[in-house]
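Grab a pencil and work through these exercises with the model open beside you. Each task comes with a stepwise solution.

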Amino acid sequence: VIEMKGLYSALMCSFDEQGQVNEQGLREIVRHNIDVSKIDGLYVNGSTGENFLISTDQKKQIFDIVKDEVGSDVKLIAQIGALNIDEAVELGQFATELGYDAISAVTPFYYKFDFEEVTDYYTTILENVDNDLIIYSIPALTGVNMNLEQFGELFEHEKVIGVKFTAPDFFLLERIRHTFPDKLIYSGFDEMLLSASVLNVDGAIGSTFNVNGQRAKQIFELAQSGQIDEAREVQKVTNDLIGEILDNGLYQTIKEILKHKDVGAGTCRKPMKSLTEDGVIRAKQMAEKYL
Ligand code: SI3
């Protein structure tokens with residue numbers, strides 16, 4: 001699992017006005033991440049990829065295009081989690097056949113599943129997909145909160161190699177790190193990257209890395225080498241930017257910043273709204289000020 005460590009962009013996807021995947025735009029986003037953001041890998045079809053707004057065919061199309069563009073330049077994790085367990089398995093098999101290095105699955109959400117049901121979901125995926133799996137825990141969006149013992153139960157399966165931990169719970173994060181030194185932990189909140197890095201996470205997966213990947217890498221590497229004051233400075237500038245992005249509209253603003261970098265990032269899928277004219281101007285100002 002060592003080779004899976006590092007910083008992954010939660011990949012954005014380019015959509016046209018009709019909501020279709022814009023292949024050329026998607027390829028440009030991938031290239032920007034590799035050539036400019038200098039990330040170690042891509043997390044494909046996560047929240048940032050608007051995964052829960054698109055069809056199964058579109059998810060497959062995106063897995064396909066991204067693998068074709070990346071080849072073996074960087075690591076690839078396929079987020080295949082879905083409420084329809086058959087779809088999750090189908091996507092897991094699809095991405096694995098394409099050569100994705102690992103799969104990841106969001107905890108099943110909406111119906112307030114208990115832990116037995118969550119375990120059954122992961123077991124079904126693991127039994128049917130021949131790949132390593134990273135649990136995707138994001139309680140604020142799923143409502144699924146797991147404790148240390150529950151993570152431990154899921155980690156008992158040797159194909160479960162780690163967790164994408166997107167929660168502001170540093171007590172739990174420290175306990176997981178300490179208890180499971182051999183599992184991979186990816187930090188999920190970009191604005192908390194330094195705090196998570198100090199706790200010795202193995203990497204991070206973030207939406208803002210699509211544009212701010214170089215700073216994220218600096219934060220992670222400075223923290224690893226104990227240069228905390230320097231890392232704090234970079235996190236401060238990063239958080240100035242993230243604050244402005246969140247105020248303006250998260251995914252829309254990242255796409256608009258990419259467009260100012262001549263990357264065909266397209267629009268967001270409905271029901272996500274578009275930026276106002278003022279929002280577009282603010283995104284341009286962010287691109288000029290920070291990137
Ligand atoms: O699945 C994904 O696309 C992610 O990795 C999501 C990632 O954790 C982001 N979370 C969400 C909900 O978008 C963060 O990168 C987040 O956008 C960022 O920290 C700003 O809050």
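**Exercise 1.** Does Cys268 count as buried or exposed?

Solution. This is a predicted model, where local features need pLDDT of at least 70, side-chain atom pairs count only at pLDDT 80 or more, and totals for chains, interfaces and linings use all residues. Residues are numbered from 1 along each chain as its sequence is written, and side-chain values use heavy atoms, leaving out hydrogens and water. Step one, the cut-offs: buried is under 20% relative accessible area, exposed over 50%, partly exposed in between (1.4 Å probe, protein chains only). Step two: Cys268 has 13% relative accessibility, so Cys268 is buried.

**Exercise 2.** Find out what surrounds helix H11.

Solution. Helices (H or I, at least four residues) and strands (E, at least two) are DSSP runs, numbered from the N terminus. First, H11 covers residues 250-260, and eight of its eleven residues are buried, so the helix is largely enclosed by the rest of the structure. Among these buried residues are Tyr251, Ile254 and Leu258. Next, look at the partners: the buried residues pack against H1 (23-35), H9 (209-224), H10 (228-248) and H12 (277-290), with contact meaning heavy atoms within 4.5 Å.
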